[in-house]
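This briefing is intended to be read alongside the sequence and the three-dimensional coordinates.

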Amino acid sequence: MDGDDEERRRVAAHIEWQKQDMWLVLWGCYTRRYWAFARWPVPAGGAVVSAPDPDTLYAEMRRVEREHGFLRWRYGGG
């Protein structure tokens, strides 16, 4: 793993921290993509997103959160 991969792993860890461990976030050295796996209740099969950069990953994570009612689950309400 080169230094560039190490930096991307740090970015992935930071994203996971920002999302309060509601997502497992990894950098795929082989795929050259960021991967995020939902850690909160989602339909069978889970929710996984990937993107080539952090901004796109955040956008995909937010899309999945809206699609599966993450804020309703996390904070309650209808």
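**Strand pairing and overall architecture**

Within strand S3, Ala51 is the bridge partner of Tyr34. The model discussed here is predicted. The protein comprises three helices and three strands, arranged along the sequence in the pattern α-β-β-β-α-α. Its C-alpha atoms fill a box of roughly 45 × 20 × 20 Å along the principal axes.

**Sheet**

- The three strands form an open sheet in the order S1-S2-S3, with antiparallel pairing.
- S1 and S3 stand at the edges with a single partner strand each, so one side of each has no neighbour in the sheet.
- From one strand to the next, the twist averages 20°.
- The antiparallel strands S1 and S2 are joined by six bridges, and Trp23 has Ala38 in S2 as its bridge partner.
- Four bridges connect S2 to S3, and these two strands also run antiparallel.
- In general, the strands of a sheet pair through backbone hydrogen bonds, in either a parallel or an antiparallel manner.

- H1 lies across S1 and S2 and runs at about 170° to S1.
- H2 lies across S1, S2 and S3 and runs at about 155° to S3.

**Nonpolar core**

- The largest nonpolar core contains 18 residues; those with the most contacts inside it are Trp23, Val25, Ala36, Trp40, Val49, Leu57 and Met61.
- At least two residues of this core come from each of helix H1 (3-18), strand S1 (23-28), strand S2 (33-38), strand S3 (48-51) and helix H2 (54-67).
- The most is given by H2, which supplies four residues to this core.
- In soluble globular proteins, nonpolar side chains tend to be buried together.
- When neighbours within four places in sequence are left aside, Val25 is in contact with Ala12, Ile15, Glu16, Trp35, Ala36, Leu57 and Met61.

- H2 has 14 residues and reaches 20 Å from its first C-alpha to its last, close to the 20 Å expected at 1.5 Å a residue.
- The buried residues in H2 are Leu57, Tyr58, Met61, Val64 and Glu65.
- These residues cover an arc of only 125° around the axis, which puts them on the same side of H2.
- Asp55, Arg66 and Glu67 are exposed on the other side of H2.
- The cover over the buried residues of H2 includes H1, S1, S2, S3 and helix H3 (70-75).

- Not counting residues up to four places away in sequence, Glu65 touches Lys19, Trp23, Trp40 and Phe70.
- Lys19 is found in the loop between H1 and S1; because its relative accessible area is 17%, again under 20%, Lys19 is buried.
- With residues up to four places away in sequence not counted, Lys19 touches Tyr58, Met61, Arg62 and Glu65.

**An exposed tryptophan**

- Trp17 lies in helix H1; Trp17 counts as exposed because its relative accessibility is 62%, over the 50% limit.
- Trp17 and Arg66 are 49 residues apart along the chain, and their C-alpha atoms are separated by 20 Å.

**Whole-chain figures**

- Of the 78 residues of the protein, 31% count as buried.
- Among contacts between residues at least 6 apart in sequence, 34% join residues at least 24 apart.

Methods: Residues are numbered from 1 along each chain as its sequence is written. This is a predicted model: local features need pLDDT of at least 70, side-chain atom pairs count only at pLDDT 80 or more; totals for chains, interfaces and linings use all residues. Side-chain values use heavy atoms; hydrogens and water are left out. A nonpolar core is a set of buried Ala, Val, Leu, Ile, Met, Phe, Trp, Tyr and Cys residues joined through side-chain atoms within 4.5 Å. Buried means under 20% relative accessible area, exposed over 50%, partly exposed in between (1.4 Å probe, protein chains only). Contact means heavy atoms within 4.5 Å. Two strands pair if DSSP finds at least two bridges between them. Axes are lines fitted to C-alpha atoms, for helices over the stretch in contact, and angles run from 0 to 180 degrees between N-to-C directions. The expected span of a helix is 1.5 Å times one less than its number of residues. The arc is that of the directions from the helix axis to the C-beta atoms.
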